[in-house]
Amino acid sequence: AALDSVPSFKLFVFGGQRGSNKAKWAYSNEVSILDCSSLIWMSARFLGSKPKGREDSAWAYDAKTAKLVIFGGWSGQWFSDLHTLNPKPNPQTQQMTSYT
């Protein structure tokens, strides 16, 4: 999901698979952020619980609440859960909050 953030855009990527071959694949629950102005990737730090690792999730941005919404995905079974992510870091910890 892309999020307009002043002075540039940020691209958020959640989950996917890691590993060199199918026998060693593991599902990720990490969020990576690309600053589209500097083209630098960053890892997001969380407070609260992260969703389980998965791939094929749907993302949306809720402009009313200014949160990213993650729905479902696959990790050996289909998920139908919903998570929101507040992309604005906490001023004291610089961490994002994940809600389930």
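## Arginine 54

The side chain of Arg54 reaches the backbone oxygen of Lys52 at a distance of 2.9 Å. This distance, like every other value in this report, comes from a predicted model. Arg54 is located in the loop between strand 7 and strand 8. With a relative accessibility of 1%, Arg54 counts as buried, because buried residues are those under 20%.

Asp81 has a relative accessibility of 23% and so counts as partly exposed, whereas Arg54 counts as buried.

## Glutamate 55

Glu55 is placed in the loop between strand 7 (46–47) and strand 8 (58–62). The side chain of Glu55 makes a polar contact of 2.9 Å with the side chain of Gln17. When neighbours within four places in sequence are set aside, the contacts of Glu55 are Gly16, Gln17, Tyr27, Gly73 and Trp74.

## The Chain as a Whole

What secondary structure does the chain contain? The chain has zero helices and 11 strands, and its pattern along the sequence is accordingly written β-β-β-β-β-β-β-β-β-β-β.

The chain has 100 residues, of which 28% count as buried. Of the contacts in the chain with a separation of 6 or more, 37% are between residues 24 or more positions apart.

## The Nonpolar Core

Which residues make up the largest nonpolar core? There are nine of them in all: Phe12, Phe14, Val31, Ile33, Ala44, Phe46, Leu68, Ile70 and Leu85. At least two residues of this core are supplied by each of strand 2 (8–14), strand 5 (31–35) and strand 9 (67–74).

## Further Salt Bridges

How many salt bridges does a search of the whole structure find? The search finds three.

Lys10 forms a salt bridge with Asp35, with the closest N and O atoms 3.2 Å apart. Because Lys10 lies in strand 2 and Asp35 in strand 5, this pair ties together parts that are 25 residues apart in sequence. Lys10, at 24% relative accessibility, counts as partly exposed, while Asp35, at 14%, counts as buried.

Another salt bridge joins the side chains of Lys50 and Glu30 (3.0 Å, N to O). Lys50 lies in the loop between strand 7 and strand 8, and Glu30 in the loop between strand 4 (26–27) and strand 5, so the pair ties together parts that are 20 residues apart in sequence. Lys50 is partly exposed at 31% relative accessibility, and Glu30 is partly exposed with a relative accessible area of 28%.

## Alanine 66

Ala66 is found in the loop between strand 8 and strand 9. Is Ala66 buried or partly exposed? Its relative accessibility is 34%, so Ala66 counts as partly exposed.

Not counting residues up to four places away in sequence, Ala66 touches Tyr61, Asn86 and Pro87. Ala66 and Thr84 are 18 residues apart along the chain, and their C-alpha atoms are separated by 9.9 Å.

Conventions:
Residues numbered from 1 in each chain as written. Predicted model: local features only at pLDDT ≥ 70, side-chain atom pairs only at ≥ 80, totals over all residues. Heavy atoms only, no water. Helix = DSSP H or I, 4+ residues; strand = E, 2+ residues; numbered from the N terminus. Polar contact = N/O pair within 3.5 Å; in protein donor to acceptor, adjacent residues only side chain to side chain. Contact = heavy atoms within 4.5 Å. Buried < 20%, exposed > 50% of the residue type's maximum accessible area, 1.4 Å probe, protein only. Core = buried A, V, L, I, M, F, W, Y, C linked by side-chain atoms within 4.5 Å. Salt bridge = Lys/Arg side-chain N within 4 Å of Asp/Glu carboxyl O.
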